[in-house]
Amino acid sequence: MTVGQVHVLLAVHDTAHSASVAQVLMHAGAAVSMVQVRSAEHLLEHLEEHAPSLLVLELDREWGALEQLRTRYPHLPVVVVLAKPTEELAFAISRLGAEDVWTLPIDEASMAARAEAVLHRLRSAHESARATF
């Protein structure tokens, strides 16, 4: 990983769309690693060992994993990927502090623009933090 490069952890339940999401993130300049999560506890254990700059978390209809994640890692930027979005779910996720919500199936052009925007905000925040020290 080069200086200024954002490390993204792609946490998925189903790997069907993960390659496309990873490709969009890498094209936007991120270093991407992926983990297939079995439970919220599994994800939290993985984060203990591998601290990313950004977590891209695939959720189905249950957002309990995000609630646990926000409690333990309140400052970790999170983008949520939803396979079956509802307005209620998107609202709940936004209230929990997600950076963005992406939906499946993937519209690569839209997701690329959104990925670049999130990564740009993270890079700017990292550069600002380094400049103050």
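The buried residues of helix H2 (residues 40-49) are covered by elements that include E1, E2, E3 and H3. Those buried residues are Ala-40, His-42, Leu-43, Leu-44, His-46 and Leu-47, where buried means under 20% relative accessible area, exposed means over 50% and partly exposed lies in between, using a 1.4 Å probe and protein chains only. This is a predicted model, in which local features need pLDDT of at least 70, side-chain atom pairs count only at pLDDT 80 or more, and totals for chains, interfaces and linings use all residues. Residues are numbered from 1 along each chain as its sequence is written, and side-chain values use heavy atoms, with hydrogens and water left out. Helices (H or I, at least four residues) and strands (E, at least two) are DSSP runs numbered from the N terminus.

**Helix H2 and its partner H3**

- The axes of H2 and helix H3 (residues 64-72) come within 9 Å of each other and cross at roughly 30°; axes are lines fitted to C-alpha atoms, for helices over the stretch in contact, and angles run from 0 to 180 degrees between N-to-C directions.
- H2 and H3 are therefore roughly parallel to each other, on a scale where angles under 35 degrees count as roughly parallel, over 145 as roughly antiparallel, 65 to 115 as roughly perpendicular and the rest as oblique.
- On the H2 side, the contact is made by Ala-40, Glu-41, Leu-44, Leu-47 and Glu-48, and on the H3 side by Ala-65, Gln-68, Leu-69 and Arg-72; contact means heavy atoms within 4.5 Å.
- These contact residues divide into 5 nonpolar, 1 polar and 3 charged, with Ala, Val, Leu, Ile, Met, Phe, Trp, Tyr, Cys and Pro counted as nonpolar, Asp, Glu, Lys and Arg as charged, and the others, Gly among them, as polar.
- In H3, the buried residues are Gly-64, Ala-65, Leu-66, Leu-69 and Arg-70, and their cover includes H2, E3, E4 and H4.

**The sheet**

- An open sheet is formed by 5 strands in the order E2-E1-E3-E4-E5, and the pairing is parallel; two strands pair if DSSP finds at least two bridges between them.
- Strand E2 (31-36) and strand E5 (100-103) stand at the edges, each with a single partner strand, so one side of each has no neighbour in the sheet.
- From one strand to the next, the twist averages 20°.
- Strand E1 (residues 7-12) pairs with E2 in the parallel sense over 6 bridges, and Ala-11 has Val-35 as its bridge partner in E2.
- E1 also pairs with E3 in the parallel sense, over 4 bridges, and the bridge partner of Leu-9 in E3 is Leu-55.
- E3 is joined to strand E4 (residues 78-82) by 5 bridges, and these strands run parallel; Leu-55 has Val-78 as its bridge partner in E4.

**Strand E3, covered on both faces**

- In E3, 6 of the 6 residues are buried, so the strand is largely enclosed by the rest of the structure.
- Leu-54, Val-56 and Glu-58 are buried on one side of E3, while Leu-55, Leu-57 and Leu-59 are buried on the other.

**Helix H1 and Leu-25**

- Helix H1 (residues 18-27) lies across E1, E2, strand E3 (54-59) and E5, and runs at about 170° to E1.
- Leu-25 lies in helix H1 and counts as buried because its relative accessibility is 0%.
- Not counting residues up to four places away in sequence, Leu-25 touches Val-8, Ala-30, Val-32, Val-56, Trp-102, Ala-115 and Leu-119.
- Leu-25 and Ala-98 are 73 residues apart in sequence and 17 Å apart in space, C-alpha to C-alpha.

- His-42, found in helix H2, counts as buried at 14% relative accessibility.
- Leaving aside neighbours within four places in sequence, His-42 is in contact with Val-35, Gln-36 and Val-37.
- Thr-86 sits in the loop between E4 and helix H4 (87-95), and its 30% relative accessibility makes it partly exposed.
- Thr-86 and Ala-98 are 12 residues apart in sequence and 15 Å apart in space, C-alpha to C-alpha.
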